[in-house]
Each structure stands twice: as C-alpha cells, then as structure tokens.
Amino acid sequence: MNVSNPVSRGESKGWFGIIRKSVYAQLAILFVIVIIWPFVIPLIGGYDGLAIEMLIFSIFAMGFNVLLGYTGILSFGHAAFFGLAGYAMGLILIHMKIPILLGMLFGIVLSTLTAALIGLLIIRKTGIYFAMLTIAFGQMFFFIASRWKDFTGGEDGLTGIPRDVIGIPGLFAIPIEKPLQFYYFVVAIFMIAAILKYKLIHSHFGMVLKTIRENENRAKMVGYNVRQYKLASFIIAAIYAAVAGTLYGLFLNYMFPQTLDWIRSGDIVIMTLVGGMGTFFGPIIGAGVVVALRVLISIYAKIGGLVFWQFFMGIIFLIFVLFFPRGIWGFFQKRE
Amino acid sequence: MEILSAKKVCKHFGSLAAVNWVDFAVQKGELRSIIGPNGAGKTTFFNVLTGMLPPTSGEILFKNENIAGLPPYEVARKGIGRSFQITSIFPQLTVYENLLIPCMLYYQPKSEAINRTWEILEDIDLKDKAHYVAANLSHGDKRHLDIGIALTTKPELLLLDEPTSGMPPEESVRTVKLVQKLKSEKGYTIILIEHKMDIVLSISDRITVLHLGEKLAEGTPAEVQANEEVQKAYLGGLDKEYKLVNRREGNLQNRNGLLRMEKVNAFYGESHVLHDVSLHVKEGEIVALLGRNGAGKTTTLRAVMGLTPARSGTIQFQNREIEALPAETIANQGISLVPAERRIFANLTLAENLEMPFFMKGISAQERRKQVEAFFSDFPFLIKRKTHKGNRLSGGEQQMLAVGRGLMGHVKFMMLDEPSQGLAPMIVKHLAEVIQKINNAGMTILLVEQNALMALELADRVYVMDKGGIVYEGKPDDLWANRQLSQELLGV
C-alpha cells in the first residue's frame, strides 16, 4: 500500500517520466526557462520589456489562481489591489525618497490591509453577488485614481516613479535601472512567489481550499470555518496582486488609472482560464501567453494601420473556452 | 446517559412550521430512527441539530451543552457527524483525499490522519477504490463515501439521512450491515432517517415518528408499528405487496407499437454503456425496466430522450426515427422524462415549476389550467405548498412535483426514472395508483424502478438489464414466479 503518494499517475518511463512525476523537476525547468527567457524572446519578435511584463502578470495570475482555481471564487476586483499597491509605492517613493524595497513593502502592506477590510465585508456573499461587489469596490479605487488629480495625477497617471538600485543604504546596492537588470530582480521575486505558492497549495490549508471549491456545505459540516478560509484565500490573491502591482509601477516608472479597472481584473480571469484553472503551472503559462499575444498582435496584426488586438484576443479566448476548457496546461496534462 | 436532548425545538419558514415543538432525546449507544411522511420535517430537523439552520426557538443539549444556533463547523467539532440525503462528497477529489482532508483537522500529526483514513476506507469498503476520483464512483459507493466523510470528524453522534436512498435491495443490505457495524463494533450513537420500513424495524432500538413537523409517536419498533395514528399517517395500512385495485389483464396484444429501439449502442466518452439494447413499448402499456445500479437503465432513457445520443442502432417513435434528433425536438413529439435527480427549478414556486412545460409548447391557458388542476387533485397535499419555492420543498415533495411536471403538456409517452425514490411508503402506494390512473387515461409509460415490488405490480411487461444489455423480457408474473431468476437478476 503506497501511503505517501496517494495519487497514482500511471506508468511513465525514462527521463520524461521523471519530469512527469516530479513537480520539483518541473519547477526547475520553469526556472531555467525564465532565466534564459530574455535571450529566447527576440526570436519570436519580443524584447526585454515584454519578458518583464509576462513575468509580472504571471505572478499576479499565480496568486489569483489560489482564489479562482483552488477556492472557486470569482473576483473582478483584484486589479484594484494591483493598482493600489503600485500607486501607494509610487507616491511614497516620489514624496519621501525611501529605499525602493521599503516603498514596495509599504504598497504591499497597504494593499493587503485594504483587501482584508473589503474581504471581511463581502466574503459572506457568494457567486454573482460576490463578483458584483468586487467590481463595485474595484471601481471605487479606479475613480479615486482617475479623479483625484492633485494626488494621483488623475487620468494622466502618476509619473516619475524612480527605479535605480535596490539594497540597504550603506550595506549593498544592486542596480535595477536597465531592463535586463530589472528582469532578474523580477525573476528572483517570481521564484520566491512560485515556491511559496507551491508550498501553499500542497499544505493542509491548500487542500481545504479545494474541498471548499468542491462542496462548501460539506466542508462546513466536517468542521472547517469556511468563511475564514475564503477570506484568507482572498487576501493571499491580493498579496500576489500587490507584489505584481509594485513591480509594474517600477517597470513603467509610471502608474495609470486603468491598472485598477475591473477590465484589468477580467484580463487576469482570462489569463487564469487560458492557462488552466486550478493547476499550478497553468496561470503562469496563461499570463505569459496572453501578455505576449497582446503585444505581438498589436505589433504585427494591424488592419489598415489600426490595431485590433482585442478582436484577435476575443477569438483566441473563444477558441479556448469552446475547445480547451481545461486550459493550455490542462490540455497537455493527462487525465487521472 | 442522554447524549442528545432537544427541547421544544421549532423551525419556522414564514408561516410554515417545518419543525414544531419537538422534544427529542437519545441515549448514548442507541440507534434511533426517525420516520415520517414526506415533508414531515425530518431533514429540516437534522439541519437544525447540525447548525445548518438555526432553530426558531428551543434548546439543543449535546453532552449537556447547548449547541442551538452554533455554526455548523462548531457543531461538527463538538462531535456530531452527518451524512446527507442528497449525496454530498467532494466530487473532483480522490476518494482518499475526500477522507484525508477532513481527517487532518482531527488527527495530528499527518501520519495519524493517514492511518485513520485507511481505517475508514476499510470500514466503508472502499479500500481498493481509494485512488478513484469520487465523481466516478457508483451511486452506492458514493453513498458509502458520504458516510465515510461523516466518520472523519471523531463524531460521538452520527446522523445518517437516508443512507440507502436510491439503492437496490442487495446494495441496501450492504449499507445496513455498515450501519449495524458502526453501532455495535465502533460504538457510535446513531440517528437514522429512513423510508424502507423493513430496515427501520429490524435495526432500530427506538423509533420517532414525525408528522407535519410534530412528534406523532415514539417507542420501540413494535410499539410504533402497532400505533394506529402512525398506521394512518405514514404506513397507510400497507401490506407489503402493492395490490392495486383494477389490475388489468392482457388485452394489449393488438395495440400498435409506440416506441422501438433496435440494437442501440451508447457511450459516455470512451466507455461503452449500452450494448445492442433492443426493446419496444406498445401504446397504452406500462413497461418496467429493472436491473441493478449501473446496469444501463437510466442511460437507456437518456438515449430515447436524445440526452445521450445513440452511436449506432435505431430508435423509432410512432414509426419515425428519432435517434438523431436533439432532445427538445424529441420532447415536442410528446415524450417526457422524469429524471431521478428531479431537476426542480429551485427559485421558481411549485406552481411555476408545474407550468414551465407549457411555455414551450403553446397550449391554451384553458388546457393548462385543466392539467394543473388535475395534478392538484392527484396530489391534494401539495396544494398548500403551491407558492413555495422549489428549494423549500422536501425531497419527497420535489419528487412528486417532478412526476407531475412530466405529465404536463401533450405527452403521449412518459419515462419515469425511479419515481418512488425518497417517498414514504404511503406515498409510494399513492404514486402507484396515480401512475395506473394516468395510464388508464391513455398514457404509455416506461418505468425504471429500484422498487421491484411496485414495478412488477404495475407493469404489463418487464425488461431486465444487466451490464448494459437486456437480459430478460417477459411478463411480470413469470419473473416473479421464477424466484431463482428474480433473485439472480434483481436481488429480491
């Protein structure tokens, strides 16, 4: 009786089999790809900036998947936590000249606390009502950012977010000014985020989230305080969104109101779906693919000189929902 | 020692008193059954005991501590475990995970939880299916898994809501053995809701009878059985055989054929479910389709309806080939299916549910009123539930509504999938009479039933399925008379 490995994955042979079986091997491959990515991406018409953006949204989608894929809760408001963190970091860096890491921490903590507060208020609602409430809260922040011109820069956005070095003054300083330097800073955070998420979904906590997704009432009836777990899942997704948001602000040296919009939240839902909900690698791939397609389509697929990427994205999304409902990763994964 | 004592418990939904001033006490180690007609408040009472619904008033003492109004997760942690009338498992997780994850809350370290999981797997007889995805289990195994999940929480008191629902006799036996083992070997105190009277009478220490939300009687099986009020309200003077009044004899030889299936094969994805199924139904007949769980009965009905289209073979209805038509076109030809899972619209009222088929079929308002009235005259006890939403109806009421809804519109041919499931004995008898009545009025019926007694009593002809094929065709009396055959095919 094989107790330690409850899920048998069928027989696989050779090195391919080892990769199939070992998630650590898969993680290692992912990290290698991420590290060499800037040298590969020019081959498909991309550039360093695109690689950075792909990775940032992978972090966002990875966390969002905890909420959507593992807990089964649909939120259209997590872009608010992404944007809020970016703005908060940007404002404090512009006005107070503190080290970048500290500024990021400020943005992330503020955004997380906000998520906790909002989550506490709305987590008792389910399904469509919950989704509508997340839109409502998200749009609140969107309007603050776009209308409070003196503070946030309004529709013009918040410009001049510095990105020079990270480190502790007097101890060490690593430059992140050049795109490639910044890329590897994002890689470091991406790896930490991925490993933490892997640990999380394989912990007792992560397993309980899955039981909530499968049957919320039964999860209650076996003794789990479902609401607490849902709230925690909501906040975790917000933390990942916030981390991605601060990186995005640093990347562009700039934040703009549309980063908080519920349409951006919808993008994350699409990325998660396209990659494969409820799988570890799916959203990472989904985010990368969607971001890359958007940029590449904008560059190459112009109709009469106009950019129609939404049109092509719509078609691609349609194809996925109709023919690959389990997403890219789900499609390649063997059914157990 | 009293482990549970409920005092003056009420649960009201608006003007409906689902549970009304119920006093209820259970001794440690006891096996108590709760019986009562459909809509008596049995499941609501369980929901109140387990914190799913807060009581309107009253006190619930569990080990001398008032637990009334506590949230369900706290009730569970105090030691009350529960299984569900409608199977409640974690469908996309493996059987093993279904048990392990709840175990981890009560057993630390993880190795303890793993040991406990294997113990439960052994008890519920699912050890060799530990790595199955739960959704792929058979109905009976799912019911056992549901009980298994209730065992993960270190319960002292176990509430089982119709554990044998939807099971054929030989599977029920397996479940009853499990319940007895849980009581005598494992020492659980058990409260059981069950409709099958032979089971209730043979395994209970005491029985409580609920009727219209109130306690009607309580006592040993013998006392309850002898109680006249119980006889009247629940058992309906039932002798075990369903002797119907106007048992019609033969005389169907010359009728025209209505439905004919020839060598139909059907698949769920890759798995081949129906193998060359051929059967026919003549106008005005009641044909019973029997067999064990997983024999392919429901799939046969789904194939006729176009829900699981036949991959090969022909299906003719009134001499027209229908096997390639979509389900809604088939429905418009006058075929209706009452599925076992009922499919009541949860947010529509009982009356709205009933009228739903008319919106699609363009039938006059007069005709609609006439048919709805006919329904309420067949099921008069549902009149007062007319304006209640679907999800507020009890399991049995939903079942009656599903049958009634299947009758609405210009239906010539009705397929019923386990209509007696979840119904109290008196109502089963009543339902049998209604089926016979609508048949006499001209309806042709194909009936899938676990309740072989009822089906054999009603049917003109009977088919038995096994492993996706037809293995017997004949008269009910012949099958009934051949004890060895009926034992082998049906387990009765």
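**Exercise 1. Strand pairing in chain B**

Task: In this predicted model, which residue in β8(B) is the bridge partner of B:Ser33? Then place the two strands in their sheet.

Solution: 
- Step 1. B:Ser33 has B:Leu192 as its bridge partner in β8(B).
- Step 2. Widen the view to the strands. β3 (residues 31–35) and β8 (residues 189–193) of chain B run parallel and are joined by 4 bridges.

**Exercise 2. A covered strand**

Task: Is strand β17 (residues 413–417) of chain B mostly covered or mostly uncovered? Work out its faces and its partners.

Solution: 
- Step 1. Count the buried residues. In β17(B), 5 of its 5 residues are buried, and the strand is mostly covered. The cut-off for buried is 20 or more other C-beta atoms within 10 Å of the residue's own.
- Step 2. Take one partner. Strand β16 (residues 335–338) of chain B pairs with β17(B) in the parallel sense over 4 bridges. B:Leu337 has B:Met415 as its bridge partner in β17(B).
- Step 3. Take another. β17(B) also pairs in the parallel sense with strand β18 (residues 444–448) of chain B, over 5 bridges.

**Exercise 3. Two helix pairs in chain A**

Task: At what angle do α3 and α13 of chain A pack, and at what angle do α8 and α11 of chain A cross? Classify each pair.

Solution: 
- Step 1. α3 (residues 48–70) and α13 (residues 282–300) of chain A pack at about 140°, with axes 7 Å apart. The two helices are therefore oblique to each other. Their crossing is right-handed.
- Step 2. List some contacts. Residues of α3(A) that meet α13(A) include A:Phe57, A:Ala61 and A:Phe64. On α13(A), A:Gly288 and A:Val291 are among the residues involved. By class, this contact has 13 nonpolar, 4 polar and 1 charged residues.
- Step 3. Turn to α8 (residues 179–201) and α11 (residues 226–252) of chain A. Their axes come within 11 Å and cross at roughly 180°. These helices are therefore roughly antiparallel to each other.
- Step 4. Name the residues. A:Phe182, A:Val186, A:Ile189 and A:Ala193 of α8(A) make the contact with A:Tyr240, A:Val243, A:Leu247 and A:Phe251 of α11(A). The classes are 8 nonpolar, no polar and no charged.

**Exercise 4. Where the chains meet**

Task: How many residues does each chain bring to the contact?

Solution: 
- Step 1. Chain B brings 25 residues and chain A brings 20 residues.
- Step 2. On the chain B side, α2 (72–78) and α3 (95–106) each give two or more residues. α3(B) gives the most, with 6 residues.
- Step 3. Sort that side by class. It has 15 nonpolar, 7 polar and 3 charged residues.

Terms used
Residues numbered from 1 in each chain as written. Chains lettered and ligands numbered in written order. Predicted model: local features only at pLDDT ≥ 70, side-chain atom pairs only at ≥ 80, totals over all residues. Contact = placed C-beta atoms within 7 Å. Nonpolar A, V, L, I, M, F, W, Y, C, P; charged D, E, K, R; others polar. Axes fitted to C-alpha atoms, helices over the stretch in contact; angles between N-to-C directions. Parallel < 35°, antiparallel > 145°, perpendicular 65-115°, else oblique. Left-handed = near helix turned anticlockwise from the far one by under 90°. Pairing = 2+ DSSP bridges. Buried ≥ 20, exposed ≤ 12 C-beta atoms within 10 Å, placed from the backbone.
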